[in-house]
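Have the viewer open as you read.

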Amino acid sequence: LEKKYDEVCEFCKKYKTRIHYVVYGILITAYFAGVIAACSLSFQRALPLFVITVLAIFFICWDFLIAKYEDRITAFFSPGDQCLKKQWFWLKWVLCAILIIMIICWLIFDTTKQGSRQLISFGGLVMYVLLMLIFSKYPTRVAWRPVFSGIGMQFILGILILRTKVGFDIFNWLGIQIQTFLEYSDTGAKFVFGDKYTEHFFAFKVLPIVVFFSTVMSMLYHIGFMQWLIGKVGWIMHVFMGTTPVESLVAAGNIFVGQTESPLLVRPYLPYITKSELHAVMTAGFSTIAGSVLGAYISFGVSSSHLLTASVMSAPASLAASKLFWPETEKPLVTLRSGIQMAKSESKNLLEAASQGASTSIGLVANIAVNVISFLALLSFLDSALSWVGNLFDYPQLTFENICAYVFMPFSFMMGVDWEDSFIVGGLLGYKTFFNEFLAYERLSKLIQNREKGGSMYINGVKQYMTVRSEVIATYALCGFANFGSLGLVIGGLTSIAPSKKKEIADGAFRAMIAGTAACFMTACVAGMLAVPGLEVPCHILLGNASNLDFLANSTQLIECCQHVFT
């Protein structure tokens, strides 16, 4: 029996590759048979599976062709590339002229159709670009390709997602799927904390989502899916924007992971990057949010599709803002030709990866909890102290939110927020900048709930909720880690990864935070230009005023309300 066993082992070793191919062939055949069977039973029901399968086949074939015939493909396109470089001097001016004409035409037609509010958002975008240029580290050394291509990528993504039905439906579907997926964390929370866990909403409902998402991300990282996805997104930004591989990969990574985790993807190369690249790495962290906390904000009641869109759109915006605020003046050492490789997971198997992901989230959950407790307590103390000071001058309603609202009010208005709502959004931006985005989104969720419940818009002269348009723009503007709390986190995290860059990190961190804030504002401006206004007033309020003769002018809203009530 032992001899037979040895013969089988020897046979398996000898034909190991062939056996793998046979097993893979059987599994792939079974999978395709399952897909075909599901599609034949109900194609509508199996449509998501069909789309995923087609995309998987496309990218597998793409990777195979690039790996095998990369040199031939490069040689095939090299004559065109050389011709483009020769004619680029006059061609770039022609492209700029065409782009300007297209923007003017689009603004004219869109303003005619949607109204003039989009023009304010466009003016805000121009204003932020000019401000970044004025306060740039090297204003005369700015390379405009990353700036314009970054804003262009934002604009294209925004049009696809916010203006086309297919794009909107895809991201809306993705948002619903993520929301449904995150609700599975309730099972673990219910088992640990009991049936009444929702009574302590933040501690037992929101924070377990962070744990669950961290676990899933760790598993995806172990199987190599995250590295593959980040690599593809980074390659697209590298090709279109002309940014270096390191900053492109980190910017792509920040869509999915946090500002201290994404630099780990390119950890071996950090000691060799330039000051401008380091600034881009930090800016990318400040202008986006991690996937783990994205789930927490969705649980607050903030639109999942808009949060998802904001995360994607802010990646090219971060590189555009960074290259405008700190232009490249050195020659990058790390290029695609140097064979850049992303770090791999240290876990030995999938279960260990899941366990490590859950364990890693302990620090993140504790950090979120203690920061929220301390900042809310500090905010309460500040409001009390300011109210006491204000009372000395017969102005007892003086609060930290009011001060921030006045400071950020012009910035929020230039994003396209209604003037009546710009005071509220200004306060939210102050919370986000001086404390963290958790407090800002928690406050925004209350405003959204107040609008959905209806009731009086003003109570004692204080506005209780905003228009839908203002809520959408605020969602985009708040979607980033650019705050003073994260400043220390970035300096500490990056210094531990690249100790040789300690001085450069400390020097550029504050500028990166400002650039990250500007990137979020630019994303909000693009959203303000493209967001189509929906039904602003709750139906029961609108129908309650139907007896008013002036209401006849809003017949479109009446039809929408009747359809909503009928549904």
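In α16, Asp421, Val425, Leu428, Leu429 and Lys432 meet Ser470, Ala474 and Ala477 of α18, where contact means heavy atoms within 4.5 Å. Sorted by class, this contact has five nonpolar, one polar and two charged residues; Ala, Val, Leu, Ile, Met, Phe, Trp, Tyr, Cys and Pro count as nonpolar, Asp, Glu, Lys and Arg as charged, and the others, Gly among them, as polar. This is a predicted model: local features need pLDDT of at least 70, side-chain atom pairs count only at pLDDT 80 or more, and totals for chains, interfaces and linings use all residues. Residues are numbered from 1 along each chain as its sequence is written, and side-chain values use heavy atoms, with hydrogens and water left out.

How do those two helices sit? Helix α16 (residues 419-434) and helix α18 (residues 468-477) pack at about 20 degrees, with axes 11 Å apart. Axes here are lines fitted to C-alpha atoms, for helices over the stretch in contact, and angles run from 0 to 180 degrees between N-to-C directions. Helices are DSSP runs (H or I, at least four residues), as are strands (E, at least two), numbered from the N terminus. That angle makes α16 roughly parallel to α18, given that angles under 35 degrees count as roughly parallel, over 145 as roughly antiparallel, 65 to 115 as roughly perpendicular and the rest as oblique.

Next, helix α12 (residues 291-300) packs with helix α13 (residues 304-325) at about 150 degrees, their axes 9 Å apart. The two are therefore roughly antiparallel. Leu294, Tyr297 and Ile298 of α12 make the contact with Ser304, Leu307, Leu308 and Ser311 of α13. Those residues divide into five nonpolar, two polar and no charged.

On the α4 side you'll find Ile120, Ser121, Gly123, Gly124, Met127 and Tyr128, meeting Phe411, Phe413 and Met414 in α15.

Now the records. An unreviewed UniProt entry lists residues 203-301 as "domain: Nucleoside transporter/FeoB GTPase Gate"; such annotations may be inferred rather than shown by experiment. In the model that span is 69% helix and 0% strand, with its end C-alpha atoms 16 Å apart. UniProt also lists residues 124-195 as "domain: Concentrative nucleoside transporter N-terminal" (unreviewed entry). Here the chain is 81% helix and 0% strand, and the end C-alpha atoms are 48 Å apart.
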